[in-house]
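Some terms used for protein structures rest on a cut-off.

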Amino acid sequence: MAFEKTDVKTMEMKPFEKIGSEWMLITGEKDGKVNTMTASWGGVGVLWGKNVATVYIRPQRYTKEFVDENDTFTISFFDGNHMKELGYLGKTSGRQVPDKIDQSGLHVEMAGGHASFEEASQVLVCKKLYSDTIKPENFYNNEEDTKWYPEKDYHVMYIAEIVEAYQK
Ligand SMILES: Cc1cc2nc3c(=O)[nH]c(=O)nc-3n(C[C@H](O)[C@H](O)[C@H](O)COP(=O)(O)O)c2cc1C
């Protein structure tokens, strides 16, 4: 079944479940190659009069190089299916395993010319608007910093406009 373009405003979206429990893949393209990583932190909302998605990527992720290289990246959702594959893609780096997508068992499929996955049920094509690194001095208390950043590898936050949406 091919992806169908849809209006993001009409998409069924339970963001807390979809992102936090069912996870998503952040996918970028660079030099004709595709890399992807699992993410369970992020958000969707409205900013600067635009529908936006926000993702948080640690500096050591190989996918970050792909997201930085292009104006756009995709976010793919799987409705709680393929958790095993997402688990694999969330612990294997494309830097060490260049064919990690093949190894995962998922299949790249283009959605409106942007790399996503045959197995995905919803895809957001995201155009970068803004990025910044989480700053330890901006926390209101030390709890999150101590818990999540013992290596001081602060996430880079990307705010991106959702310019296209697809579903199956
Ligand atoms: C459930 C789950 C959620 C994750 N969420 C994030 C996230 O939001 N941000 C992040 O930087 N890494 C996250 N990760 C870790 C990356 O997916 C993981 O390091 C991955 O192997 C990176 O692959 P890459 O080096 O090929 O980009 C998550 C991993 C799992 C299993």
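The questions below concern a predicted model, its strand pairing and the shell around its ligand.

Q: Why are β1 and β10 called paired strands?
A: Pairing requires at least two bridges found by DSSP between two strands. Strand β1 (residues 4-6) and strand β10 (residues 156-167) share 3 bridges, so they count as a pair. They run in the antiparallel sense, and E4 stands opposite Q167 in β10.

Q: How do you know that β5 and β10 pair?
A: The requirement is at least two bridges, and 6 bridges join β5 to β10; therefore they pair. The two run antiparallel. A53 has A160 in β10 as its bridge partner.

Q: What makes β9 and β10 a pair?
A: Strand β9 (residues 122-133) is joined to β10 over 11 bridges in the antiparallel sense. Since at least two are needed, β9 and β10 are paired. K127 has E161 in β10 as its bridge partner.

Q: Which residues come nearest to the ligand?
A: There are 20 residues around the ligand, and Y62, T63, G90, S93 and G94 come nearest.

Q: Which elements each supply at least two residues of the shell around the ligand?
A: They are β3 (33-39), β5 (50-57) and α2 (62-69). The largest share, 4 residues, comes from β3.

Q: How do the residues of the shell divide into nonpolar, polar and charged?
A: The shell has 7 nonpolar, 9 polar and 4 charged residues. Gly is counted among the polar ones.

Terms used. Residues are numbered from 1 along each chain as its sequence is written. This is a predicted model: local features need pLDDT of at least 70, side-chain atom pairs count only at pLDDT 80 or more; totals for chains, interfaces and linings use all residues. A residue is near a molecule or strand if its C-beta atom, placed from the backbone, lies within 6 Å of it.
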